[in-house]
Amino acid sequence: MTKITDLNGIEVEHMVNARTGEPTVKVRALADGLVLLGQADPSEARQIAVHLLEAAARAECEVDMILGLERAGQATDGN
């Protein structure tokens, strides 16, 4: 089942897996009364973090490009 909703926050916690003794990152994604729990090893957690940072930067860049194109269109339409 897939449900799209806005996230209210992401919480992370570092820990040692009691069963395996391996380092683990616990992740909680929070959304309007829902909590999605997961865990990843440190390498996977870093990869997820990089993907989040890249996606955020690209989203901001796209908005800047669209606004720039709109402004350029308005400037040329007025002349």
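Select V16 first: with a relative accessible area of 57%, this residue is exposed, a class that requires over 50%, whereas buried means under 20% and partly exposed lies in between (1.4 Å probe, protein chains only). V16 belongs to strand β1; strands (E, at least two residues) and helices (H or I, at least four) are DSSP runs, numbered from the N terminus. The model is predicted, so local features need pLDDT of at least 70 and side-chain atom pairs count only at pLDDT 80 or more, while totals for chains, interfaces and linings use all residues. Residues are numbered from 1 along each chain as its sequence is written, and side-chain values use heavy atoms, with hydrogens and water left out.

**The salt bridges**

Next, select R28 together with E11 and E13. These three residues are linked in a network of salt bridges. A salt bridge here is a side-chain nitrogen of Lys or Arg within 4 Å of a carboxyl oxygen of Asp or Glu, and the count by this rule comes to two. In the pair of R28 and E11, the closest N and O atoms are 2.9 Å apart. R28 lies in strand β2 and E11 in strand β1, so this contact ties together parts that are 17 residues apart in sequence. R28 also meets E13 in a salt bridge, at 3.4 Å from N to O. E13 lies in strand β1 as well, so its pair with R28 in strand β2 joins parts that are 15 residues apart in sequence. E11 is partly exposed, with a relative accessible area of 35%; E13 is partly exposed at 34%.

Move to L30, which is found in strand β2 and counts as partly exposed at 22% relative accessibility. L7 is placed in the segment before β1 and counts as exposed, at 52% relative accessibility.

**The largest pocket**

Now select I10, V12, V25, V27, A45, R46, I48, A49 and L52, which line the largest pocket. A pocket is an open set of points on a 1 Å grid with protein on both sides within 12 Å along at least five of seven lines, and lining residues have an atom within 4 Å of a point. The volume of the largest pocket is about 170 Å³. β1, β2 (23-31) and α1 each supply at least two lining residues, and α1 gives the largest share, five residues. By class, the lining has eight nonpolar, no polar and one charged residues.

**The last stop**

Finish at D32, in the loop between β2 and β3 (34-40). D32 has a positive phi of about 30° although it is not a glycine, and is exposed, with a relative accessible area of 57%.

Key: On a 1 Å grid over the protein atoms alone, a cavity is a set of points where a 1.4 Å probe fits but cannot get out, and a pocket is an open set with protein on both sides within 12 Å along at least five of seven lines; lining residues have an atom within 4 Å of a point. Grid points are joined across faces, edges and corners, and a volume is the space filled by probe spheres set on the points. Ala, Val, Leu, Ile, Met, Phe, Trp, Tyr, Cys and Pro count as nonpolar, Asp, Glu, Lys and Arg as charged, and the others, Gly among them, as polar.
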